[in-house]
Amino acid sequence: MSEVTIYTDGACKGNPGPGGWGAWLSAGGHEKELFGGESSTTNNRMELTAVIQALASLTRRCRVAIYTDSEYVKNGMTTWIHNWKRRGWRTADNKPVKNVELWQRLDSLVAQHQVGWHWVKGHAGDPGNERADALANKGVMSVQR
């Protein structure tokens, strides 16, 4: 099984506002950069979209290490999602889960791979995170023209 390292990030200028997402993938000496944006979105939606787009770009089952500076994404996928699903995509206080369609899409993509989740501190000099951040900002610029 191929091993892939993915760094993701989301950015938003205003929250909500124009936003971007970026992902840097590395596997077997090959690299791929992905980015995109939306004219009116939130930072959390862009963080989720970055991981979704990165996983959706994979063409076969892989062992994937995902690095994100979003505790929202990491905690959502490693802790909260189990109870959300058990409660029919409701929170502990019985409210609908925000961004549910993105969480459901991410959940289905994660099921296709062996995924390990890693949190990295943002804007702290981690080369992969800095690269994903630059791609996310490129995504913002693509919708601000």
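**Sheet and helices in a predicted model**

Q: How are α2 and α3 oriented to each other?
A: Let's take the axes of the two helices, α2 and α3 (residues 100-110), which are 11 Å apart and meet at an angle of about 95°. Angles of 65 to 115 degrees count as roughly perpendicular. The two helices are therefore roughly perpendicular to each other.

Q: Which residues of α3 meet α2, and how many residues of the contact are nonpolar?
A: From α2 come Tyr72, Val73, Gly76, Met77, Ile81, Trp84 and Lys85, and they meet Trp103, Leu106, Asp107 and Val110 in α3. By class, the contact has two charged residues, one polar and, for the count you asked about, eight nonpolar.

Q: Which strands stand at the edges of the sheet?
A: Follow the order of the five strands in this open, mixed sheet: β3-β2-β1-β4-β5. A strand with a single partner has one side left without a neighbour in the sheet, so the edges are β3 (30-41) and β5 (114-119).

Q: What is the bridge partner of Cys12 in β2?
A: Strand β1 covers 2-12. It pairs with β2 (residues 17-27) in the antiparallel sense, over eight bridges. In β2, the partner of Cys12 is Gly19.

Terms used
Residues numbered from 1 in each chain as written. Predicted model: local features only at pLDDT ≥ 70, side-chain atom pairs only at ≥ 80, totals over all residues. Heavy atoms only, no water. Helix = DSSP H or I, 4+ residues; strand = E, 2+ residues; numbered from the N terminus. Axes fitted to C-alpha atoms, helices over the stretch in contact; angles between N-to-C directions. Parallel < 35°, antiparallel > 145°, perpendicular 65-115°, else oblique. Contact = heavy atoms within 4.5 Å. Nonpolar A, V, L, I, M, F, W, Y, C, P; charged D, E, K, R; others polar. Pairing = 2+ DSSP bridges.
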